[in-house]
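User: I am new to this structure and would like to learn how to read its main features. Could you take me through them step by step?

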Amino acid sequence: EYHRSLRPKKGDEVSMKQVAYFFGGLYAIIHLLQYFDLWTLLIVAVIGYVLYQHIQSTMQSISLNSEEASAQQESAKPTKSK
């Protein structure tokens, strides 16, 4: 029973894609540390994340507005009756 509880569960395994992204990101950070210090990279990363979230929310609101406008146009069209 003890040996069975130590085995990793099926959903706990890390995929090769996640491992590749981790090592790719680690390589990129180490490579960028040759040119910038750690604090500069952290500040740029935070600014980039904030900008990404802002752009993502703007795109989402634009798509919601366009969906609402198309739904209103659909309901405003007169139906043909014989």
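This is a predicted model: local features need pLDDT of at least 70, side-chain atom pairs count only at pLDDT 80 or more; totals for chains, interfaces and linings use all residues.

User: How many of the residues of the chain count as buried?

Analyst: A residue is called buried when its relative accessible area is under 20%. By that cut-off, 1% of the 82 residues of the chain count as buried, while the accessible surface of the chain comes to about 8,300 Å², with 65% of that area belonging to carbon and sulfur atoms.

User: Which residues form a nonpolar patch on the surface?

Analyst: The patch is formed by Ile43, Ile47, Leu51, Ile55, Met59 and Ile62, which together have about 600 Å² of accessible area. One of these residues, Ile47, has its place in helix H3, which covers residues 38–76.

User: Why is isoleucine 47 described as neither buried nor exposed?

Analyst: The label partly exposed applies between under 20% for buried and over 50% for exposed, and isoleucine 47 is partly exposed because its relative accessible area is 48%.

User: Which residues line the largest pocket, and how much space lies in it?

Analyst: The largest pocket holds about 160 Å³ of space, and its lining consists of Gly25, Ala28, Ile29, Leu32, Phe36, Leu38, Thr40, Leu41, Leu42, Val44 and Ala45. Helix H2 (16–32) and H3 are the elements that give two or more residues to this lining, and H3 gives the most, with six residues.

User: What classes of residue does the lining of the largest pocket have?

Analyst: Sorting the lining by class gives nine nonpolar residues, two polar residues and no charged residues.

Terms used. Residues are numbered from 1 along each chain as its sequence is written. Side-chain values use heavy atoms; hydrogens and water are left out. Buried means under 20% relative accessible area, exposed over 50%, partly exposed in between (1.4 Å probe, protein chains only). Accessible areas come from the Shrake-Rupley method with a 1.4 Å probe; for residues, only the protein chains shown count as cover. Patches are made of residues with over 30% relative accessible area and no salt bridge: like charges are joined within 9 Å, nonpolar side chains (Val, Leu, Ile, Met, Phe, Trp, Tyr) within 5 Å. A salt bridge is a side-chain nitrogen of Lys or Arg within 4 Å of a carboxyl oxygen of Asp or Glu. Helices (H or I, at least four residues) and strands (E, at least two) are DSSP runs, numbered from the N terminus. On a 1 Å grid over the protein atoms alone, a cavity is a set of points where a 1.4 Å probe fits but cannot get out, and a pocket is an open set with protein on both sides within 12 Å along at least five of seven lines; lining residues have an atom within 4 Å of a point. Grid points are joined across faces, edges and corners, and a volume is the space filled by probe spheres set on the points. Ala, Val, Leu, Ile, Met, Phe, Trp, Tyr, Cys and Pro count as nonpolar, Asp, Glu, Lys and Arg as charged, and the others, Gly among them, as polar.
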